Amino acid sequence: MYVSYQEVLHRAETGALMKESDFDRKVGQTARELVKKYDLQYDPDVAVNYDDDIADRFFEAALDFFVEVGVYITEYQRVVKFTREETLDTIAGVLSQVQYGRNKDAKDVWKRRIEDYIDPFIVFSPVGNPVDQELFQAFIQHYAQERITDALFSPVLTKFNGQPVKSDVASEMEASIWNLKTLREAARMVGRPDIGLCNWASTAERTDVVIALADPAFGSIVNDGVLVAAIAEMKVDQERLKKVSYLRQRGFILEGLLGPLMGGYAGGPAETSICLIAHHFLAACVYRTDINVGFPIHINYCCNTTAEMLWLTSITNQALARNCNILKMANMFNHAGPNTECCMLESACYGLAATVSGADALDLGALTMNRHPMRWAVQEPKLAAEVGHIAARMGMTRQQANTIVKALLPEYQHLLGTMPLGSTWTECYDTERLVPTGDYADLVERMHKKLESFGLDWQALRVDR
Amino acid sequence: MSDLYAQMKQSILDLDSDLAVELAEKALDAGMAPLEAIEKGFAPGMEEIGEMFDRLEIFLPEVILAADAMIAAVERLKQNIEHAEVGFQGRVVIGTIKGDVHDIGKNIIKTMLIATGFEVLDLGKDVSPNTYVERAVEADADIIAMSALCTSTMLHMPDVVRILNEEGLRSRFKVIAGGAPVLPDWAYSWGADGYGDSASEAVQLCKRLTR
């Protein structure tokens with residue numbers, strides 16, 4: 001039986017009471033039991049899973065997990081539960097296609113299957129790398145001008161008019177409005193005035209700010225998306241639910257932001273895979289999302305390009321692609337910074353693993369673990385996007401992707417933890433002409449050649465589909 | 001005794017609270033000083049757990065269970081002895097900074113600190129800079145520990161040091177910061193006394209600062 005949003009809010013008030021620390025323990029304990037029950041160990045010899053049966057068992061385990069654990073409402077310390085039938089019926093009602101942007105800039109995210117020929121939808125997203133106010137618009141233009149991106153995220157401002165931009169104070173509102181206006185203006189300047197925005201302002205954290213940004217006077221359009229995050233493993237709060245209550249009635253694209261930590265409350269790669277799939281059920285059943293950004297993170301390296309994280313990405317996308325219509329946007333988190341071979345290889349591996357595993361969209365992505373100011377440039381995300389498109393157009397299989405990823409991983413895995421920071425944007429881009437500098441362009445060229453030697457055909461990008 | 005120390009350590013590595021308590025009782029019966037039981041028996045087990053977690057040979061659920069075993073053993077040892085003698089390391093006021101509701105990092109550090117002998121006052125999530133200072137004064141804390149996951153929330157952290165300076169309280173507390181977006185140089189730039197990149201690093205930092 002389909003569960004309505006009103007019923008979810010009712011259950012949030014009446015669900016069973018539970019201490020938060022007990023709920024956290026239940027997440028790990030249940031995931032561990034289900035790994036045993038369904039025989040789901042992480043296999044370090046496989047970077048990209050190509051076993052359908054394993055993917056299906058993960059989906060079943062995640063369903064059991066969701067039914068057993070439920071969703072925690074932090075303020076009330078109550079657990080909202082769904083039966084297996086309610087979960088399946090509710091997720092059956094999700095959209096299998098959404099449209100970002102409007103007019104000639106409209107682009108669709110289509111439900112993709114494993115090894116699908118359809119291009120994954122591409123979004124460039126320097127969401128966590130702070131960018132200086134005076135360079136903000138030019139910075140956005142440098143990635144918005146890339147035709148391969150179908151929609152845009154914004155970088156983040158940490159200082160606005162000389163003041164630090166802090167959550168839940170007036171500067172957050174001031175900076176966020178400016179952020180959105182500048183994002184839309186940058187889109188106009190590259191001839192894409194109506195491109196879809198995935199989240200209006202990375203600077204906006206609080207719900208009241210997000211609601212203020214929904215005013216079209218600041219540049220939002222109804223075919224933009226807005227992120228609503230699960231705040232920790234299987235947890236939501238009233239602040240997020242308020243956002244959902246408003247946005248779902250305005251018609252914006254609701255995007256779940258789902259980032260369980262690998263090594264955290266759920267446990268290791270297999271347990272976290274179960275938890276991430278279950279987060280998609282949470283997003284569909286509680287937040288009523290239209291699409292979901294999955295950004296599982298390695299607890300030590302703060303990235304998802306290690307061998308186990310690529311495996312996790314492949315497993316979760318395949319489990320969902322094979323068993324339901326929930327739309328999923330795979331969010332790359334790279335360890336290294338721009339203009340490094342390490343970051344390029346991370347991007348290529350992530351683009352391959354996610355695309356052949358049926359990710360509907362690629363969110364590309366965090367560099368330098370989303371931490372270092374100005375250390376983001378578009379060529380690494382662009383490489384991931386191109387690799388994704390090429391893999392789809394060539395009909396690359398998971399086995400083929402697994403072979404390539406396994407060959408590339410040893411070239412950068414040893415660097416994880418030492419963090420090659422690379423260059424700042426101003427070092428690797430001409431910030432007036434918005435073109436990469438010579439050494440950065442050379443690196444891109446070298447990476448193309450390297451990947452061509454693995455059979456990726458760049459000519460495939462010349463046929464627009 | 002070395003055999004008993006080894007069993008104590010193993011009880012933590014085996015995540016076995018019942019066995020840890022049993023061994024604590026055995027140590028007391030044998031006339032072992034509680035502090036000795038902690039320092040030579042149980043604490044090395046918890047240290048190894050921290051190192052294994054750093055290498056991701058184990059994950060957070062195992063760390064929580066190991067901490068449970070450690071705390072259970074210490075509680076049993078405490079029953080017959082004065083507070084100051086059972087390895088009290090210091091008092092930490094900890095929380096996730098204003099605007100931030102992501103508390104996994106804070107909870108990991110808290111678990112490890114308690115298991116290592118710190119007294120921890122958990123202020124929870126979305127904690128304003130003023131609240132950190134007020135509660136640290138009330139608790140007579142040694143350390144104020146702040147965590148953030150978002151760039152826009154971490155920018156509240158410097159306000160804690162600013163308030164401490166304005167109130168003439170800066171010398172009373174050590175201030176430490178951590179979390180995904182926090183960079184060490186940035187933390188030191190506004191006056192943090194320390195920065196931790198991992199749970200075990202944060203515990204070592206707190207030990208150093210309270211020495």
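Q: In what order do the strands of the open four-strand sheet of chain A lie?
A: This is a predicted model, in which local features need pLDDT of at least 70, side-chain atom pairs count only at pLDDT 80 or more, and totals for chains, interfaces and linings use all residues. Residues are numbered from 1 along each chain as its sequence is written, while chains are lettered from A and ligands numbered from 1 in the order in which they are written. Strands (E, at least two residues) and helices (H or I, at least four) are DSSP runs numbered from the N terminus, and two strands pair if DSSP finds at least two bridges between them. The pairing in this open sheet is mixed, and the order in chain A is E1-E3-E2-E12.

Q: Which strands of chain A are the edge strands of this sheet?
A: An edge strand here pairs on one side only. The two are strand E1 (16-17) and strand E12 (235-236) of chain A.

Q: Which residue stands opposite A:Val71?
A: Strand E2 (residues 71-73) and strand E3 (residues 78-80) of chain A run antiparallel and are joined by three bridges. The residue in E3(A) opposite A:Val71 is A:Val80.

Q: Why does the radius of gyration of chain A agree with a compact globule?
A: The radius is taken over C-alpha atoms, and the globule rule is 2.2 Å times the number of residues to the power 0.38. For 465 residues the rule gives a value near 23 Å, so chain A agrees with its radius of gyration of 21 Å.

Q: What percentage of the residues of chain A count as buried?
A: A residue is buried if 20 or more other C-beta atoms, placed from the backbone, lie within 10 Å of its own. Of the 465 residues of chain A, the buried share is 60%.

Q: Which helix gives the most to the side of chain A that touches chain B?
A: Two residues are in contact if their C-beta atoms, placed from the backbone, lie within 7 Å. By this criterion, 30 residues of chain A are in contact with 21 residues of chain B. The helix giving the most on the chain A side, with four residues, is H2 (residues 20-38) of chain A.

Q: Which element gives the largest share of the side of domain 1 of chain B that touches domain 2 of chain B?
A: Chain B is divided into domain 1 (2-85) and domain 2 (90-210), with bounds from an automatic or database domain assignment. Contacts link 11 residues of domain 1 of chain B with 10 residues of domain 2 of chain B. The largest share of the domain 1 side, six residues, comes from H4(B).

Definitions and conventions. A residue is buried if 20 or more other C-beta atoms lie within 10 Å of its own, exposed if 12 or fewer, and partly exposed in between; C-beta atoms are placed from the backbone.
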